[in-house]
Amino acid sequence: MEHTGIYNAHLLELLNDLKLSIWLESSLQIKQAGGMQRGKTDKVDAQRIAQYAYRFRDQVRLWTPPRQVLQKLAFLSATRQRLNQAYNLLAVPVTEQETFISKSLQKTLKGNVKKSLSALKEEQKAIEVQIHNLIQADAHLKELFDLMVSVPGVGPVIATELLLATNEMQAINDPKKLACHAGVAPFEYRSGSSIRGRTKVSHQARKRLKALVHLGTMSAIQIAGDLQDYYVRKINEGKPPMLVINAARNKLIHRVCAVVRRGEKYDKNYAPALA
């Protein structure tokens with residue numbers, strides 16, 4: 001099946017109840033594997049999906065449904081994100097225009113959105129409590145969550161997004177794959193002796209996760225610790241700031257995977273045992 005988001009939900013549930021094996025694949029993956037394409041109809045799309053499944057049948061990855069608690073967490077997290085966007089949509093313009101308009105007009109504009117902002121703030125607090133209670137009530141989620149937030153720079157929002165993006169670290173547990181999924185893995189762009197592009201990250205990523213990991217990394221390098229030491233050292237060596245930040249983002253993801261793999265909270269003094 002081609003993944004179409006929420007529109008898959010009912011059919012996936014039915015097929016899973018019938019104990020049928022399901023291969024759910026990204027639409028972009030199918031499109032790019034099909035080469036140059038012209039035209040688009042439902043019939044042609046179905047043929048392309050069938051051809052893709054036949055060609056890559058040795059690489060089949062069967063879909064497993066996330067637990068009910070994780071599905072509920074996904075909806076709560078999406079609601080939290082929309083509430084934050086709605087709040088910023090009202091609050092940010094009022095703050096930005098303060099130095100450009102008269103005080104009386106600014107006061108009027110603030111009054112116009114005061115009740116709405118207050119209501120959104122209360123809704124944000126309520127959704128945070130619901131997410132917290134949901135995680136704390138599930139032993140496995142709580143264990144993974146506590147391990148993740150022990151890493152400096154990883155807060156509750158980042159940990160929640162990581163749980164959702166990796167299906168509780170089951171779909172993705174390799175740090176390199178997770179870095180690629182989050183859009184922070186560097187890739188070389190060179191061919192022969194004529195093409196020597198800069199190493200850079202791919203735009204094909206989970207944008208929400210990438211943004212959160214970036215914010216977590218920026219927070220981590222602001223406080224005393226080895227990530228801050230690493231950042232300062234590389235900058236002093238003349239490395240481009242964004243290159244160093246991306247390396248720090250990779251370190252953050254590797255640390256999350258490491259604490260989950262070991263089942264131990266982050267220890268800044270940890271040293272691997274010698275063989």
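How many Å² does the accessible surface of the protein come to, and what percentage belongs to carbon and sulfur atoms? Then please look closely at the helix contacts.

A: The accessible surface of the protein comes to about 18300 Å². Of this, 56% belongs to carbon and sulfur atoms. Accessible areas come from the Shrake-Rupley method with a 1.4 Å probe, and for residues only the protein chains shown count as cover.

This is a predicted model, in which local features need pLDDT of at least 70, side-chain atom pairs count only at pLDDT 80 or more, and totals for chains, interfaces and linings use all residues. Residues are numbered from 1 along each chain as its sequence is written, and side-chain values use heavy atoms, leaving out hydrogens and water.

Now the overall layout. The protein has eleven helices and two strands. Helices (H or I, at least four residues) and strands (E, at least two) are DSSP runs, numbered from the N terminus. Along the sequence the pattern is α-α-α-α-α-α-α-α-β-β-α-α-α. The C-alpha trace spans about 65 × 50 × 50 Å along its principal axes.

Next, the helix pairs. Two packed helices are described by the angle between their axes and the distance between the axes. Axes are lines fitted to C-alpha atoms, for helices over the stretch in contact, and angles run from 0 to 180 degrees between N-to-C directions.

Take helix H5 (residues 103-137) and helix H6 (residues 139-149). Their axes come within 5 Å and cross at roughly 110 degrees. H5 and H6 are therefore roughly perpendicular (65 to 115 degrees) to each other. Ile-135, Gln-136 and Ala-137 of H5 are in contact (heavy atoms within 4.5 Å) with Ala-139, Leu-141, Lys-142 and Phe-145 of H6.

Thr-160 brings in another helix, H7 (residues 156-165). Thr-160 is buried, with a relative accessible area of 1%. Leaving aside residues up to four places away in sequence, Thr-160 touches Leu-73, Ser-77, Arg-80, Ile-131, Ile-135 and Phe-145.

On the H9 side, the contact is made by Lys-210, Val-213, His-214, Gly-216, Thr-217 and Met-218. H11 contributes Met-242, Ile-245, Ala-248, Arg-249, Leu-252 and Ile-253.

How values were computed: Buried means under 20% relative accessible area, exposed over 50%, partly exposed in between (1.4 Å probe, protein chains only). Angles under 35 degrees count as roughly parallel, over 145 as roughly antiparallel, 65 to 115 as roughly perpendicular and the rest as oblique.
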